[in-house]
Amino acid sequence: MLQLNPLKVECTLFFEENPYTFETVEGLASRLGRRTTELAQILEHLVTVSILEKIGDGEQAIYRYLQPDTFQFQREAIWD
Amino acid sequence: MGLNKAVQNLQNGYAHLLGMMILMVDENRCSQTEVSYPKRLFEDALFKQIVDLIPNPSKIKNTVFVEIIPGLKTLIAPVETGLSKPFYLIGGVLVEEGTVEVVKKYLLEHSEGVHFVGYLEMFPIVSKEEKEEILSAFQQLSESIQSIYQSQQHVDVYQRKTSKTEWVAEQISNESFNLDLLLHQFKELRSELDFIGVALQKEHEKYVILHFLDSRNAPIKGKEITIGEGFFGQVIVTEEYSHWTNIQEDPRLLPYKENGLFPRSLYCQPIKIGGQTKALLFGGSEKEEAHFDVTDIRHLASLIGIFLNQQTMRDSFQNHLLQLSAFNEIFSAMTNVQNMKRVLYILIDMGMNLLSGTFACVLYKDVQEECKLSILSRGMKNDFLAYYGRDLGKRYFAAENVNMTKGVFHQLDNGSLVYEMPITFRSQVFGVLSIGVRNEEEVTPYIPFLSSMGIVGGISISLLEKEQAPQSDEKIIHVFTKLLEKQQPAKYELSQQAIDLVSGFGQHIGLTSQQIHTIKNAIVLSFYEEEIWQDSIVEKETQELMAQFYHTNEVEHVSLKVLFILLHHIGVKLDPRIKDDPLLHKFEEWESRNYMVEMVIPLEEQVAAGLEEEEIKKKLNLSNREMEVLAQVLNGLNNREIAQSLFISDHTVKNHMTNILQKLGVTDRAQAIAKVYQMGYSPK
């Protein structure tokens, strides 16, 4: 699969914009106006790189966005 | 002249020359030429009878005399035409000198010979020497006819090749054209080929058979060829055309036999693109000594090379278009989002997508909390992240005057390789995107894109910071204050008195730091005509307070009341509207208590008077650089001037100021100045 194909980008941006979305492949296909077959492969790739989480299996599997972990520290702690 | 006519003419000529009938038939004795007569002495039916009497012509391999009836001799010569079965040239009939009477007697006594008795006198009678000469001439005739057929065959092959080449040249640019079609065209031309195939390079030393044509449907597609192994593996090593014959007992043939192929001859030609063997063209025949035309094979290999190259370029172009479209969408999203975290989410997710990395993180400065650095991450454990985050921070945010705008590979302590791409704009580093990668090679094609992503990220964050940063009147208020100090020192003293009271009273009655800040600005501005400053002030709160100050009849807003009260207190403006306001009484009460405190301050000041630089530094836990910056602040320099005087960047001054304010426990530089002076320190 092309590392950055437009559908993968579109899908990633969609989840970033709607981080609380829980959706099936079919639901996403309908929202993005794409075919489920081409979308399923993209979603699986996004699951493997931990951008999405897959809940359940088969056609009813639900995908959701995994927000990156946040970690914070004092700047001056760096220079110690 | 056509082939048949040329053969017929040649045959007629020899018939006259040799003085005998000649005819060419196929293996089934069907005529392939018309009978040539030296003289029109015989009926056509006679020669048909002669041909029918020749025993099994397919057994005849050389030019020979055959007696159709004892004493009556005919010549037979096989002619290789290039077709599956040869033709046979038949000439006759001859009678050997000295045998005529004996032959005549035999013909009369035997039923099959009676028919020929009447012709006996017309058959040429030849001596032994003449017989040999005729045999030799007849052989020449058969060889000549054979040459005509072979020449014609070459012409046919050439024409078919030309026609196929033209077809390929026309089709090769079409999207529907593929390697199987090309191989099919070639196989049709070469009848000796039982199979033909192409293996494409998969990895450095492995090739996979992806195209294969044969009549047995052998399951060869998908089989791998490894460098050095088997017939074709050798060709990868030598990079030269090779062919093998009589290989039926060769152990290297086993994989072929297992898949139902039994070649006895093989060839393999490397297909080179850019000097490297990118594919192998191979073919096989069940003939023991198959003749492979190496020139044709090389031409086909060149065509396949061109086709593969074209296909690679087409795929690459298509991929570039798709990637361009994807990049466009990413950049468009990054510059349109209104939230810095979303810019960072895009950076981290696209980084993961692009390199299919095991982890990625972004270290960045939080606009809201300048004293902190934050990390967003995917796939990295928190304890390691904290360590790596500090390391990144040291390398990208501690070093001054270091131009860290280019991506670099970095080896982590745990052995992982990361590609670090600074998020920059105009030499300012806003953050760093770090992506875990397997090796440098997989990143190299994407470095230009990652670099663009770092810059677009920097631009987006810079724009967002500008949009979100509160607009400040700090500089203009500073100018008005300085102007007042120089031109009207008395009024300046009064303004400072009022300003000194704002924080204390404001906090006393519960004003926010923003409200206190606005009132301080308003105190300075109230010493000037409205038209002097009205176009220069950008803080909305200050604008609103000053508008109420000049134009509102009702004094309702608490900030306005405090402003009037303070101005009233320093005797600048006594407004009747606040004369009976309860807040005025509250102020007076507070102020009287504050006076008591002020009475104490001089004593403290006496104690603190003469506080040395080292002491204040120690007391406030300031670094050397922060102490230098603080001294310049106390001298009235703004950030830009401090930066110039200390030869550091504006950005660094801002960082130092943040730390100084935090250590002093104050919110702005005016409070900082006041506090330091209160502590009894004045810069030298």
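# Reading pairing, packing and contact in a two-chain model

Q: In which sense do strand S12 (residues 360-365) of chain B and S16(B) pair, and over how many bridges?

A: Strands and helices here are DSSP runs numbered from the N terminus (helices are H or I with at least four residues, strands are E with at least two), and two strands pair if DSSP finds at least two bridges between them. S12(B) and S16(B) pair in the antiparallel sense, over five bridges, and Ala360(B) is the residue that stands opposite Ile435(B) in S16(B). This is a predicted model, in which local features need pLDDT of at least 70 and side-chain atom pairs count only at pLDDT 80 or more, whereas totals for chains, interfaces and linings use all residues. Residues are numbered from 1 along each chain as its sequence is written, while chains are lettered from A and ligands numbered from 1 in the order in which they are written.

Q: What joins strand S15 (residues 417-425) of chain B to S16(B), and what do S15(B) and S16(B) form?

A: Nine bridges join S15(B) to S16(B), and the two strands run antiparallel, with Leu417(B) opposite Val437(B). Together S15(B) and S16(B) make a hairpin with two residues between them, and in its turn Arg426(B) has a positive phi of about 50°.

Q: How many residues of strand S16 (residues 428-437) of chain B are buried?

A: A residue is buried if 20 or more other C-beta atoms, placed from the backbone, lie within 10 Å of its own, exposed if there are 12 or fewer, and partly exposed in between. By that count nine of the ten residues of S16(B) are buried, and the strand is mostly covered. In general, side chains in a regular strand alternate between the two faces of the sheet.

Q: What order do the strands of the open sheet of six strands in chain B have, and which strands stand at the edges?

A: The order is S8-S7-S6-S11-S10-S9 in chain B, with antiparallel pairing. Strand S8 (224-226) and strand S9 (242-244) of chain B are at the edges, and each has a single partner strand, so one side of each is left without a neighbour in the sheet. From one strand to the next the twist averages 25°, where axes are lines fitted to C-alpha atoms (for helices over the stretch in contact) and angles run from 0 to 180 degrees between N-to-C directions.

Q: Which strands of chain B does helix H6 (residues 179-189) lie across, and which does H9(B) touch?

A: Contact between two residues means that their C-beta atoms, placed from the backbone, lie within 7 Å. H6(B) lies across strand S6 (195-203) and S7 of chain B and runs at about 55° to S7(B), whereas H9(B) packs on the sheet against S6, strand S10 (265-273) and strand S11 (276-285) of chain B, its direction making about 40° with that of S10(B).

Q: What is the order of the open sheet of three strands in chain A, and which strands of chain A stand at the edges?

A: In chain A the order is S1-S3-S2, again with antiparallel pairing. Strand S1 (22-24) and strand S2 (52-55) of chain A stand at the edges with a single partner strand each, so one side of each is left without a neighbour in the sheet. The twist here averages 30° from one strand to the next. S1(A) and S3(A) pair over three bridges, with Thr24(A) opposite Ile62(A). Helix H2 (residues 25-32) of chain A packs on this sheet, touching S1 and S3 of chain A at about 95° to the direction of S1(A), while helix H3 (residues 36-48) of chain A lies across S2 and S3 of chain A, running at about 110° to S2(A).

Q: How many residues does the contact take from chain B and from chain A?

A: The contact takes 35 residues from chain B and 25 residues from chain A. On the chain B side, the elements giving two or more residues are helix H9 (294-336), helix H10 (340-355), strand S13 (372-378) and helix H11 (382-398), and H10(B) gives the most, with nine residues. Pairing also crosses between the chains, as six bridges join strand S4 (residues 69-74) of chain A to S13(B) in an antiparallel run, with Phe71(A) and Ile375(B) as bridge partners.
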